[in-house]
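Please look at the sequence and structure first.

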Amino acid sequence: MTSSSPRPRTVRTIPVEQARRIALAAQGFGRPRPASPGTRALGRVVDQLQVVQIDSVNVLTRAQYLPFFSRLGPYDTALLDRMRDGRGPRSRGGRSLVEYWAHEASLIPPSTWPYLGFRMLQARSGDGDLSLRQAHPGLPEAVVEVVRGHGPLTAREVEAHLPHGAGKGREHWGWNWSAVKRCLEHLFRAGQLTSAGRSSQFERRYAVPDQVLPPEVLARAPGSPEAPERLESVTHLLRLAVRAHGIGTQRDLADYFRVRGPVVDQALERLVSSGEVEPVSVPGWRRTAYLDPAARRPRAVPGSALLSPFDSLVWQRDRVEDLWGFRYRIEIYVPAPLREHGYYVLPFLHDERLVGRVDLKADRAAGVLRVQSLHWEVGADVTRAGPALVAELEAMAGWLGLGRVDLPAP
């Protein structure tokens, strides 16, 4: 008998136009918007995105609200708050979102929390933990005790419960507000505390995990016998990422949950071997692409949407250039004279294309949605896209409780 080498896998080619449609459909675009989006519609968006980034910038509205508006149109943001905050301050019931550092600070389904346990263990064993305990002996234990006994609490509420009266201007007490806040954030990263939502001032309300997370999630918490190990975790996170992308390179998929290192290669090999991911080629892409075999492949993705600068569709800047030839950078931290397009710039999606950039500000005192600047892409069909943009702006203004849209002079 003679042996022969296995035949090399035939790699399919996916045209970039189809890759674009697959990516948009996976991210929840192209479906008719519901007339009155409720919790079920919001839940479908969560199922598609898996991660919704949080950001404190409020020049328009908080970043976590915008991806749902982009996909559903006007909705009641209190519904999203309830999905995050649950039915009551000490109730685990009804909470379908929890905060953790997933991409950046993010909202994720509670079921994903254990798969980020390797990140929590890194925080517990890192230099930050040691330096915190050396600089403030006893503070982490005191903070956890206060939160367990009185939580959920904001950082200032935790500080008020501490016996040293921290933050009253007595530096030699040591446990000042900034130390308490740093401690809370470290314990949050380490998974020893979690979030029970936010206050009306957008302050995180800290809680011990068993005040927030359901038993089946706590059973897989880091350090428990059932906790997923690192490779299993990264494999699952990449599984979620490829479902949310539809198609993407290894760089795109790894960036979704910010996973790094050789474990990414191992996890991706697992998904390819199991048939959950298919390597494909996309003309013009310098890297191998990976396709979700179950991804929708629509013939067209009609519709319009204003995209948050923190929308998961535009997180990975190289991916945005691969799919649309659209070079996008957030300029919030760029000095004003050096900005090219503006401070809080939303890409405008119209019928599968990113056709413009709109710098928006909610002037709440005047009741006006101000278009600070508008830049159309070269080749954009402004006769069709222009009215669609105005309609989106008017819908957004109404959703934000603003009476009118102030457009720049032509």
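## Helices H1 and H14

The axes of H1 and H14 cross at roughly 130 degrees and come within 9 Å of each other. Axes here are lines fitted to C-alpha atoms, for helices over the stretch in contact, and angles run from 0 to 180 degrees between N-to-C directions. H1 and H14 are therefore oblique to each other; angles under 35 degrees count as roughly parallel, over 145 as roughly antiparallel, 65 to 115 as roughly perpendicular and the rest as oblique. Helices (H or I, at least four residues) and strands (E, at least two) are DSSP runs, numbered from the N terminus.

On the H1 side, Val-16, Ala-19, Arg-20, Ala-23 and Leu-24 meet Arg-319, Asp-322, Leu-323 and Trp-324 of H14, where contact means heavy atoms within 4.5 Å. By class, this contact of H1 with H14 has six nonpolar, no polar and three charged residues. Ala, Val, Leu, Ile, Met, Phe, Trp, Tyr, Cys and Pro count as nonpolar, Asp, Glu, Lys and Arg as charged, and the others, Gly among them, as polar.

## Basis of the model

This is a predicted model, in which local features need pLDDT of at least 70 and side-chain atom pairs count only at pLDDT 80 or more, while totals for chains, interfaces and linings use all residues. Residues are numbered from 1 along each chain as its sequence is written, and side-chain values use heavy atoms, with hydrogens and water left out.

## The buried face and ends of H14

Helix H14 covers residues 317–324, and its buried residues are Arg-317, Arg-319, Val-320, Leu-323 and Trp-324. Buried means under 20% relative accessible area, exposed over 50%, and partly exposed in between (1.4 Å probe, protein chains only). Seen down the axis of H14, these residues fall within an arc of 155 degrees, so they line one face of the helix; the arc is that of the directions from the helix axis to the C-beta atoms. They pack against H1, H11, strand E7 (247–249), helix H12 (250–256) and strand E12 (353–363).

After H14 comes Gly-325, with a positive phi near 65 degrees.

## Helices H1 and H11

Helix H1 (residues 16–26) also packs with helix H11 (residues 230–245), at an angle of about 115 degrees and with the axes 6 Å apart. That makes H1 roughly perpendicular to H11. Ile-22, Ala-23 and Ala-26 of H1 make this contact with Arg-243, Ala-244 and His-245 of H11. The residues of the contact of H1 with H11 divide into four nonpolar, one polar and one charged.

## Residues in loops

Gln-27 lies in the loop between H1 and helix H2 (39–49). Its relative accessible area is 3%, so Gln-27 is buried. Leaving aside residues up to four places away in sequence, Gln-27 touches Leu-49, Arg-71, Ala-244, Tyr-256, Asp-311, Ser-312 and Leu-313.

The peptide bond from Gly-151 to Pro-152 is cis, with omega near 5 degrees. Pro-152 belongs to the loop between helix H7 (139–150) and helix H8 (155–161).

Phe-202, a residue other than glycine, has a positive phi near 70 degrees. Phe-202 sits in the loop between strand E5 (194–198) and strand E6 (204–207), and at 13% relative accessibility Phe-202 counts as buried.

Asp-351 also has a positive phi, near 50 degrees. Asp-351 is in the loop between strand E11 (345–350) and E12. With a relative accessible area of 27%, Asp-351 is partly exposed.
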